[in-house]
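The paragraphs below are meant to be read with the structure in view, moving from one part to the next. Please look at the whole model before reading on.

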Number of protein chains: 2
Amino acid sequence: MAPRTLDDDDLLDRLTGVFRSAGYEGASLSDLSAATGLQRSSLYHRFPGGKAQMAAEVVRRVGNAVMDVAFAPLEHAHPTVAEVQAVGRSLSTFYADGAISCLLDTMSLRDHASTAAGGTVDGAVDNELADALAAATQRWIQAFAGVASAAGADQGEARARAEDAIAAIEGALVLRRLTGDGAAFARAIARLPTALMGDTRSTKRSRRN
Amino acid sequence: MAPRTLDDDDLLDRLTGVFRSAGYEGASLSDLSAATGLQRSSLYHRFPGGKAQMAAEVVRRVGNAVMDVAFAPLEHAHPTVAEVQAVGRSLSTFYADGAISCLLDTMSLRDHASTAAGGTVDGAVDNELADALAAATQRWIQAFAGVASAAGADQGEARARAEDAIAAIEGALVLRRLTGDGAAFARAIARLPTALMGDTRSTKRSRRN
DNA sequence: GTCTATACGACGATAGAC
DNA sequence: GTCTATCGTCGTATAGAC
(Lines give C-alpha, C1' and ligand atoms only; values in the text may rest on other atoms or scores of the structure.)
Protein backbone atom coordinates (compact mmCIF):
# COMPACT_ATOMS: atom_id res chain seq x y z
CA MET A 1 0.00 0.00 0.00
CA ALA A 2 3.02 2.30 -0.06
CA PRO A 3 4.39 2.30 -3.61
CA ARG A 4 6.86 5.03 -2.79
CA THR A 5 10.21 5.04 -1.06
CA LEU A 6 11.08 4.14 2.49
CA ASP A 7 13.46 6.30 4.48
CA ASP A 8 16.98 4.93 4.84
CA ASP A 9 16.94 5.14 8.62
CA ASP A 10 13.56 3.45 8.86
CA LEU A 11 14.73 0.76 6.48
CA LEU A 12 17.76 -0.11 8.58
CA ASP A 13 15.65 -0.02 11.73
CA ARG A 14 13.33 -2.67 10.34
CA LEU A 15 16.22 -4.82 9.20
CA THR A 16 17.80 -4.47 12.61
CA GLY A 17 14.75 -5.88 14.33
CA VAL A 18 14.82 -9.03 12.25
CA PHE A 19 18.54 -9.66 12.72
CA ARG A 20 18.29 -9.05 16.44
CA SER A 21 15.71 -11.73 17.04
CA ALA A 22 16.63 -14.26 14.37
CA GLY A 23 20.39 -13.95 13.99
CA TYR A 24 22.18 -14.00 10.67
CA GLU A 25 21.25 -17.47 9.47
CA GLY A 26 17.75 -17.24 10.86
CA ALA A 27 16.96 -13.98 9.10
CA SER A 28 15.73 -14.91 5.63
CA LEU A 29 15.24 -12.46 2.82
CA SER A 30 11.54 -13.16 3.09
CA ASP A 31 11.62 -12.06 6.72
CA LEU A 32 13.57 -8.95 5.82
CA SER A 33 11.26 -8.23 2.92
CA ALA A 34 8.16 -8.63 5.06
CA ALA A 35 9.56 -6.47 7.83
CA THR A 36 10.45 -3.63 5.49
CA GLY A 37 7.57 -3.88 3.05
CA LEU A 38 10.09 -3.97 0.21
CA GLN A 39 10.44 -6.80 -2.26
CA ARG A 40 13.60 -8.83 -2.27
CA SER A 41 14.86 -7.18 -5.44
CA SER A 42 14.36 -3.73 -3.94
CA LEU A 43 16.52 -4.73 -1.02
CA TYR A 44 19.19 -5.79 -3.50
CA HIS A 45 18.97 -2.42 -5.16
CA ARG A 46 19.92 -0.77 -1.90
CA PHE A 47 22.31 -3.47 -0.76
CA PRO A 48 24.07 -4.92 -3.81
CA GLY A 49 26.08 -7.11 -1.46
CA GLY A 50 22.93 -8.93 -0.39
CA LYS A 51 22.21 -10.18 3.09
CA ALA A 52 25.82 -9.98 4.21
CA GLN A 53 25.92 -6.29 3.41
CA MET A 54 22.62 -5.65 5.15
CA ALA A 55 23.93 -7.39 8.23
CA ALA A 56 27.19 -5.46 8.24
CA GLU A 57 25.48 -2.11 7.80
CA VAL A 58 23.00 -2.93 10.51
CA VAL A 59 25.77 -3.80 12.93
CA ARG A 60 27.74 -0.65 12.12
CA ARG A 61 24.69 1.53 12.44
CA VAL A 62 23.57 0.04 15.73
CA GLY A 63 27.11 0.32 17.02
CA ASN A 64 27.17 4.01 16.19
CA ALA A 65 23.73 4.60 17.64
CA VAL A 66 24.64 2.92 20.90
CA MET A 67 27.85 4.90 21.16
CA ASP A 68 26.01 8.15 20.60
CA VAL A 69 23.03 7.56 22.80
CA ALA A 70 24.48 5.54 25.63
CA PHE A 71 28.20 6.10 25.84
CA ALA A 72 28.79 9.64 24.68
CA PRO A 73 28.07 10.93 28.22
CA LEU A 74 31.10 8.95 29.41
CA GLU A 75 33.63 10.53 27.10
CA HIS A 76 34.90 13.23 29.35
CA ALA A 77 37.62 12.91 31.95
CA HIS A 78 35.74 11.84 35.05
CA PRO A 79 32.28 10.35 34.62
CA THR A 80 30.13 10.34 37.74
CA VAL A 81 28.18 7.46 39.21
CA ALA A 82 24.99 9.19 38.12
CA GLU A 83 26.22 9.29 34.55
CA VAL A 84 27.05 5.60 34.59
CA GLN A 85 23.60 4.91 35.98
CA ALA A 86 22.18 6.91 33.10
CA VAL A 87 24.09 4.69 30.69
CA GLY A 88 22.47 1.73 32.40
CA ARG A 89 19.05 3.22 31.83
CA SER A 90 19.86 3.80 28.17
CA LEU A 91 20.96 0.20 27.81
CA SER A 92 17.81 -1.03 29.54
CA THR A 93 15.76 0.90 27.04
CA PHE A 94 17.88 -0.29 24.15
CA TYR A 95 17.42 -3.93 25.15
CA ALA A 96 13.78 -3.46 26.18
CA ASP A 97 14.58 -4.56 29.72
CA GLY A 98 16.30 -7.64 28.37
CA ALA A 99 13.53 -8.78 26.06
CA ILE A 100 15.53 -8.07 22.90
CA SER A 101 18.70 -9.96 22.14
CA CYS A 102 22.01 -8.31 21.34
CA LEU A 103 23.26 -8.27 17.76
CA LEU A 104 26.75 -9.05 19.01
CA ASP A 105 25.40 -12.34 20.26
CA THR A 106 22.95 -13.29 17.54
CA MET A 107 25.20 -12.31 14.63
CA SER A 108 28.42 -13.85 15.88
CA LEU A 109 27.65 -17.45 15.01
CA ARG A 110 28.02 -19.19 11.64
CA ASP A 111 30.58 -19.32 8.86
CA HIS A 112 31.79 -22.83 8.26
CA ALA A 113 31.24 -21.93 4.60
CA SER A 114 33.21 -19.51 2.42
CA THR A 115 36.50 -20.57 3.95
CA ALA A 116 36.53 -23.71 1.84
CA ALA A 117 38.17 -23.13 -1.53
CA GLY A 118 40.23 -20.22 -2.84
CA GLY A 119 39.20 -16.69 -1.93
CA THR A 120 35.80 -16.07 -3.41
CA VAL A 121 34.66 -12.51 -3.97
CA ASP A 122 32.02 -12.52 -1.26
CA GLY A 123 34.52 -13.66 1.32
CA ALA A 124 35.29 -9.99 1.75
CA VAL A 125 31.65 -9.26 2.46
CA ASP A 126 31.51 -11.94 5.09
CA ASN A 127 34.55 -10.51 6.79
CA GLU A 128 32.84 -7.16 6.67
CA LEU A 129 30.30 -8.48 9.13
CA ALA A 130 32.89 -10.06 11.36
CA ASP A 131 34.90 -6.85 11.33
CA ALA A 132 31.86 -4.75 12.18
CA LEU A 133 31.09 -7.01 15.13
CA ALA A 134 34.66 -6.93 16.38
CA ALA A 135 34.86 -3.16 16.01
CA ALA A 136 31.61 -2.58 17.89
CA THR A 137 32.77 -4.87 20.65
CA GLN A 138 36.10 -3.08 21.03
CA ARG A 139 34.44 0.31 21.14
CA TRP A 140 32.12 -0.90 23.85
CA ILE A 141 34.97 -2.33 25.87
CA GLN A 142 36.99 0.86 25.54
CA ALA A 143 34.08 3.06 26.57
CA PHE A 144 33.58 1.03 29.73
CA ALA A 145 37.30 0.72 30.39
CA GLY A 146 37.57 4.50 30.24
CA VAL A 147 35.14 4.75 33.13
CA ALA A 148 37.13 2.25 35.15
CA SER A 149 40.37 4.05 34.42
CA ALA A 150 38.92 7.38 35.52
CA ALA A 151 37.88 5.69 38.74
CA GLY A 152 41.49 4.75 39.40
CA ALA A 153 41.92 1.30 37.93
CA ASP A 154 45.13 0.57 36.06
CA GLN A 155 44.92 -0.29 32.39
CA GLY A 156 44.66 -4.06 32.67
CA GLU A 157 42.20 -3.93 35.53
CA ALA A 158 40.10 -1.35 33.68
CA ARG A 159 39.81 -3.56 30.64
CA ALA A 160 38.98 -6.58 32.79
CA ARG A 161 36.22 -4.66 34.56
CA ALA A 162 34.83 -3.49 31.24
CA GLU A 163 34.83 -6.98 29.75
CA ASP A 164 33.26 -8.48 32.84
CA ALA A 165 30.52 -5.86 32.91
CA ILE A 166 29.73 -6.48 29.25
CA ALA A 167 29.79 -10.23 29.77
CA ALA A 168 27.35 -9.84 32.65
CA ILE A 169 24.95 -7.96 30.40
CA GLU A 170 25.32 -10.30 27.43
CA GLY A 171 24.94 -13.35 29.63
CA ALA A 172 21.86 -11.91 31.28
CA LEU A 173 20.33 -11.43 27.84
CA VAL A 174 21.01 -15.07 27.00
CA LEU A 175 19.46 -16.10 30.29
CA ARG A 176 16.43 -13.99 29.58
CA ARG A 177 15.91 -15.80 26.27
CA LEU A 178 16.04 -19.09 28.12
CA THR A 179 13.94 -18.32 31.18
CA GLY A 180 11.80 -15.39 30.12
CA ASP A 181 12.85 -13.72 33.36
CA GLY A 182 14.47 -10.30 33.12
CA ALA A 183 15.61 -10.08 36.73
CA ALA A 184 19.20 -11.06 35.97
CA PHE A 185 19.38 -8.37 33.32
CA ALA A 186 18.07 -5.77 35.73
CA ARG A 187 20.70 -6.79 38.26
CA ALA A 188 23.48 -6.61 35.70
CA ILE A 189 22.44 -3.06 34.86
CA ALA A 190 22.07 -2.06 38.48
CA ARG A 191 25.54 -3.41 39.22
CA LEU A 192 27.11 -1.42 36.38
CA PRO A 193 28.48 1.52 38.44
CA THR A 194 30.24 -0.66 41.01
CA ALA A 195 31.32 -3.16 38.39
CA LEU A 196 33.17 -0.43 36.53
CA MET A 197 34.12 2.04 39.24
CA GLY A 198 34.57 -0.25 42.19
CA ASP A 199 32.67 0.16 45.44
CA THR A 200 31.94 3.89 45.47
CA ARG A 201 29.36 3.34 48.23
CA SER A 202 27.65 6.54 47.08
CA THR A 203 24.39 4.62 46.90
CA LYS A 204 22.85 2.57 49.67
CA ARG A 205 23.60 -0.73 47.90
CA SER A 206 26.09 -3.05 49.53
CA ARG A 207 25.43 -6.75 48.82
CA ARG A 208 28.24 -9.00 47.72
CA ASN A 209 30.54 -6.76 45.82
CA MET B 1 34.29 -46.33 3.85
CA ALA B 2 32.42 -47.53 6.90
CA PRO B 3 29.23 -49.18 5.67
CA ARG B 4 28.37 -50.41 9.12
CA THR B 5 26.74 -48.80 12.15
CA LEU B 6 27.89 -45.90 14.28
CA ASP B 7 27.53 -45.99 18.03
CA ASP B 8 24.63 -43.99 19.45
CA ASP B 9 26.81 -42.02 21.82
CA ASP B 10 29.34 -41.21 19.14
CA LEU B 11 26.55 -40.18 16.81
CA LEU B 12 25.11 -37.69 19.29
CA ASP B 13 28.58 -36.39 20.07
CA ARG B 14 29.15 -35.53 16.43
CA LEU B 15 25.77 -33.86 16.13
CA THR B 16 26.48 -31.88 19.28
CA GLY B 17 29.63 -30.40 17.84
CA VAL B 18 27.80 -29.04 14.83
CA PHE B 19 24.94 -27.54 16.81
CA ARG B 20 27.31 -25.97 19.29
CA SER B 21 29.24 -23.99 16.71
CA ALA B 22 26.51 -23.31 14.16
CA GLY B 23 23.32 -23.00 16.18
CA TYR B 24 20.03 -24.50 15.12
CA GLU B 25 19.44 -22.59 11.90
CA GLY B 26 23.09 -22.68 10.95
CA ALA B 27 23.36 -26.45 11.29
CA SER B 28 22.27 -27.91 7.98
CA LEU B 29 21.54 -31.56 7.38
CA SER B 30 24.53 -31.59 5.08
CA ASP B 31 26.72 -30.41 7.96
CA LEU B 32 25.22 -33.01 10.26
CA SER B 33 25.61 -35.68 7.62
CA ALA B 34 29.23 -34.77 6.99
CA ALA B 35 30.06 -34.67 10.68
CA THR B 36 28.58 -38.09 11.34
CA GLY B 37 29.48 -39.83 8.12
CA LEU B 38 25.84 -40.85 7.78
CA GLN B 39 23.62 -39.90 4.87
CA ARG B 40 20.65 -37.66 5.49
CA SER B 41 18.21 -40.53 5.20
CA SER B 42 20.15 -42.54 7.77
CA LEU B 43 19.84 -39.66 10.18
CA TYR B 44 16.10 -39.66 9.57
CA HIS B 45 15.99 -43.34 10.34
CA ARG B 46 17.37 -42.65 13.79
CA PHE B 47 15.57 -39.35 14.28
CA PRO B 48 12.17 -39.56 12.56
CA GLY B 49 11.42 -36.08 13.85
CA GLY B 50 14.22 -34.67 11.74
CA LYS B 51 16.49 -31.83 12.71
CA ALA B 52 14.25 -30.63 15.51
CA GLN B 53 14.43 -34.01 17.19
CA MET B 54 18.20 -34.21 16.77
CA ALA B 55 18.51 -30.80 18.39
CA ALA B 56 16.26 -31.68 21.29
CA GLU B 57 18.04 -34.97 21.99
CA VAL B 58 21.41 -33.26 21.78
CA VAL B 59 20.34 -30.63 24.30
CA ARG B 60 18.93 -33.23 26.67
CA ARG B 61 22.00 -35.40 26.40
CA VAL B 62 24.44 -32.57 26.95
CA GLY B 63 22.35 -31.34 29.85
CA ASN B 64 22.56 -34.74 31.48
CA ALA B 65 26.26 -35.07 30.79
CA VAL B 66 27.03 -31.70 32.33
CA MET B 67 24.97 -32.49 35.39
CA ASP B 68 26.76 -35.78 35.88
CA VAL B 69 30.29 -34.66 35.23
CA ALA B 70 30.31 -31.15 36.61
CA PHE B 71 27.53 -30.72 39.12
CA ALA B 72 27.10 -34.10 40.75
CA PRO B 73 29.91 -33.25 43.23
CA LEU B 74 27.75 -30.39 44.51
CA GLU B 75 24.74 -32.46 45.40
CA HIS B 76 25.47 -33.07 49.02
CA ALA B 77 24.65 -30.81 51.93
CA HIS B 78 27.70 -28.56 52.17
CA PRO B 79 29.95 -28.30 49.13
CA THR B 80 33.42 -26.93 49.81
CA VAL B 81 35.26 -24.19 47.97
CA ALA B 82 37.55 -26.82 46.51
CA GLU B 83 34.59 -28.69 45.10
CA VAL B 84 33.22 -25.56 43.48
CA GLN B 85 36.64 -24.91 42.01
CA ALA B 86 36.58 -28.43 40.63
CA VAL B 87 33.26 -27.65 38.96
CA GLY B 88 34.92 -24.62 37.41
CA ARG B 89 37.67 -26.79 36.02
CA SER B 90 35.09 -29.19 34.59
CA LEU B 91 33.30 -26.30 32.92
CA SER B 92 36.56 -24.97 31.53
CA THR B 93 37.20 -28.33 29.96
CA PHE B 94 33.65 -28.62 28.71
CA TYR B 95 33.86 -25.24 26.99
CA ALA B 96 37.47 -25.75 25.86
CA ASP B 97 38.58 -22.68 27.81
CA GLY B 98 35.82 -20.66 26.20
CA ALA B 99 36.56 -21.61 22.62
CA ILE B 100 33.32 -23.58 22.21
CA SER B 101 29.97 -21.87 22.45
CA CYS B 102 27.17 -22.98 24.74
CA LEU B 103 24.18 -24.82 23.29
CA LEU B 104 21.89 -22.79 25.53
CA ASP B 105 23.04 -19.71 23.67
CA THR B 106 23.33 -21.00 20.12
CA MET B 107 20.08 -22.98 20.16
CA SER B 108 17.86 -20.42 21.83
CA LEU B 109 17.33 -18.19 18.82
CA ARG B 110 14.83 -18.66 15.99
CA ASP B 111 11.22 -19.71 15.65
CA HIS B 112 9.17 -17.01 14.02
CA ALA B 113 7.75 -19.94 12.04
CA SER B 114 5.44 -22.74 13.15
CA THR B 115 3.38 -20.42 15.31
CA ALA B 116 1.54 -19.14 12.26
CA ALA B 117 -1.51 -21.25 11.44
CA GLY B 118 -3.38 -23.86 13.45
CA GLY B 119 -1.41 -26.36 15.50
CA THR B 120 0.64 -28.41 13.08
CA VAL B 121 1.99 -31.74 14.20
CA ASP B 122 5.60 -30.68 14.28
CA GLY B 123 4.83 -27.77 16.55
CA ALA B 124 5.23 -30.27 19.35
CA VAL B 125 8.71 -31.13 18.14
CA ASP B 126 9.74 -27.51 18.10
CA ASN B 127 8.50 -27.07 21.64
CA GLU B 128 10.49 -30.14 22.51
CA LEU B 129 13.66 -28.19 21.84
CA ALA B 130 12.50 -25.14 23.74
CA ASP B 131 11.49 -27.32 26.68
CA ALA B 132 14.82 -29.12 26.69
CA LEU B 133 16.64 -25.79 26.75
CA ALA B 134 14.48 -24.42 29.55
CA ALA B 135 14.85 -27.60 31.59
CA ALA B 136 18.62 -27.65 31.25
CA THR B 137 18.78 -24.01 32.27
CA GLN B 138 16.66 -24.56 35.36
CA ARG B 139 18.71 -27.55 36.44
CA TRP B 140 21.88 -25.49 36.11
CA ILE B 141 20.41 -22.64 38.11
CA GLN B 142 19.23 -24.97 40.83
CA ALA B 143 22.58 -26.73 41.09
CA PHE B 144 24.35 -23.40 41.59
CA ALA B 145 21.63 -22.05 43.88
CA GLY B 146 22.09 -25.10 46.08
CA VAL B 147 25.70 -24.12 46.61
CA ALA B 148 24.74 -20.59 47.51
CA SER B 149 22.06 -21.80 49.90
CA ALA B 150 24.49 -24.13 51.65
CA ALA B 151 26.80 -21.13 52.05
CA GLY B 152 24.09 -19.30 53.93
CA ALA B 153 22.22 -17.30 51.31
CA ASP B 154 18.45 -17.12 51.56
CA GLN B 155 16.41 -18.57 48.74
CA GLY B 156 16.03 -15.45 46.63
CA GLU B 157 19.64 -14.44 47.05
CA ALA B 158 20.80 -17.96 46.25
CA ARG B 159 18.90 -17.97 42.99
CA ALA B 160 20.19 -14.52 42.11
CA ARG B 161 23.79 -15.56 42.73
CA ALA B 162 23.28 -18.68 40.61
CA GLU B 163 21.77 -16.74 37.73
CA ASP B 164 24.48 -14.08 37.87
CA ALA B 165 27.23 -16.68 37.87
CA ILE B 166 25.71 -18.44 34.88
CA ALA B 167 25.21 -15.12 33.08
CA ALA B 168 28.86 -14.27 33.69
CA ILE B 169 29.91 -17.53 32.07
CA GLU B 170 27.50 -17.28 29.14
CA GLY B 171 28.42 -13.67 28.52
CA ALA B 172 32.11 -14.48 28.63
CA LEU B 173 31.53 -17.13 25.98
CA VAL B 174 29.80 -14.57 23.77
CA LEU B 175 32.68 -12.18 24.32
CA ARG B 176 35.15 -14.85 23.42
CA ARG B 177 33.36 -15.42 20.09
CA LEU B 178 33.65 -11.69 19.42
CA THR B 179 37.20 -10.99 20.55
CA GLY B 180 38.92 -14.35 20.37
CA ASP B 181 40.19 -13.64 23.86
CA GLY B 182 39.43 -16.19 26.56
CA ALA B 183 40.56 -14.09 29.51
CA ALA B 184 37.04 -13.03 30.48
CA PHE B 185 35.95 -16.64 30.50
CA ALA B 186 38.87 -17.61 32.72
CA ARG B 187 37.95 -14.83 35.15
CA ALA B 188 34.30 -15.89 35.23
CA ILE B 189 35.37 -19.42 36.15
CA ALA B 190 37.90 -18.22 38.72
CA ARG B 191 35.24 -16.05 40.33
CA LEU B 192 32.79 -18.93 40.61
CA PRO B 193 33.40 -19.83 44.28
CA THR B 194 33.00 -16.29 45.59
CA ALA B 195 30.16 -15.57 43.16
CA LEU B 196 28.17 -18.44 44.62
CA MET B 197 29.39 -18.68 48.22
CA GLY B 198 30.25 -15.07 48.93
CA ASP B 199 33.68 -13.94 50.08
CA THR B 200 35.08 -17.02 51.76
CA ARG B 201 38.57 -15.45 51.67
CA SER B 202 40.02 -18.98 51.76
CA THR B 203 42.17 -18.12 48.77
CA LYS B 204 44.56 -15.19 48.44
CA ARG B 205 42.33 -13.43 45.92
CA SER B 206 40.81 -10.15 47.02
CA ARG B 207 40.12 -7.73 44.11
CA ARG B 208 36.77 -6.04 43.77
CA ASN B 209 34.24 -8.44 45.10
C1' DG C 1 13.44 2.91 -7.02
C1' DT C 2 10.10 -0.39 -6.92
C1' DC C 3 7.87 -4.02 -8.96
C1' DT C 4 6.93 -9.13 -11.31
C1' DA C 5 9.09 -13.01 -12.86
C1' DT C 6 12.48 -16.30 -12.65
C1' DA C 7 17.06 -18.81 -12.18
C1' DC C 8 19.22 -22.22 -9.63
C1' DG C 9 21.20 -24.25 -5.77
C1' DA C 10 20.56 -25.84 -0.98
C1' DC C 11 17.31 -26.89 2.22
C1' DG C 12 14.57 -30.40 5.05
C1' DA C 13 12.34 -34.52 4.27
C1' DT C 14 10.73 -39.08 1.93
C1' DA C 15 10.61 -43.46 -1.04
C1' DG C 16 12.41 -47.56 -2.03
C1' DA C 17 16.51 -50.64 -3.29
C1' DC C 18 19.82 -53.43 -0.92
C1' DG D 1 20.33 -49.74 9.09
C1' DT D 2 22.43 -47.71 5.40
C1' DC D 3 22.38 -46.37 0.88
C1' DT D 4 20.91 -43.74 -3.87
C1' DA D 5 17.55 -41.05 -5.86
C1' DT D 6 14.18 -37.79 -5.68
C1' DC D 7 10.41 -34.68 -3.94
C1' DG D 8 8.68 -29.95 -3.11
C1' DT D 9 9.99 -25.76 -0.86
C1' DC D 10 12.52 -22.05 0.29
C1' DG D 11 17.02 -19.94 0.15
C1' DT D 12 19.83 -16.05 -2.16
C1' DA D 13 20.38 -13.60 -6.10
C1' DT D 14 19.24 -11.48 -11.03
C1' DA D 15 16.81 -9.72 -15.24
C1' DG D 16 13.94 -6.63 -17.03
C1' DA D 17 9.30 -4.11 -17.15
C1' DC D 18 7.33 0.12 -15.34
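In this predicted model, 42 residues of chain B are in contact with 42 residues of chain A. The size of an interface is often given as the accessible area lost when the parts come together. Between chain B and chain A the buried area is about 3,300 Å², and carbon and sulfur atoms give 59% of it.

One salt bridge joins B:Asp105 to A:Arg177, whose closest N and O atoms are 2.7 Å apart. Between the two chains, chain B and chain A, there are also 12 residue pairs in polar contact, with both residues at pLDDT 80 or more. On the side of chain B that touches chain A, at least two residues come from each of helix 1 (8-26), helix 6 (103-106), helix 7 (123-150), helix 8 (155-179) and helix 9 (183-190) of chain B. Helix 8 of chain B gives the most to this side, with 16 residues. By residue type, the side of chain B that touches chain A divides into 16 nonpolar, 11 polar and 15 charged residues.

When its neighbours within four places in sequence are left aside, A:Phe144 is in contact with A:Phe71, A:Val87, A:Leu91, A:Ala162, A:Ala165, A:Ile166, A:Ile169, A:Leu192 and A:Leu196.

Key. Residues are numbered from 1 along each chain as its sequence is written. Chains are lettered from A and ligands numbered from 1 in the order in which they are written. This is a predicted model: local features need pLDDT of at least 70, side-chain atom pairs count only at pLDDT 80 or more; totals for chains, interfaces and linings use all residues. Side-chain values use heavy atoms; hydrogens and water are left out. Contact means heavy atoms within 4.5 Å. Buried area is the accessible area (1.4 Å probe) that two parts lose on being put together, summed over both. A salt bridge is a side-chain nitrogen of Lys or Arg within 4 Å of a carboxyl oxygen of Asp or Glu. A polar contact is a pair of N or O atoms within 3.5 Å; within protein, one must be able to donate a hydrogen and the other to accept it, and residues adjacent in sequence count only if both atoms are side-chain atoms. Helices (H or I, at least four residues) and strands (E, at least two) are DSSP runs, numbered from the N terminus. Ala, Val, Leu, Ile, Met, Phe, Trp, Tyr, Cys and Pro count as nonpolar, Asp, Glu, Lys and Arg as charged, and the others, Gly among them, as polar.
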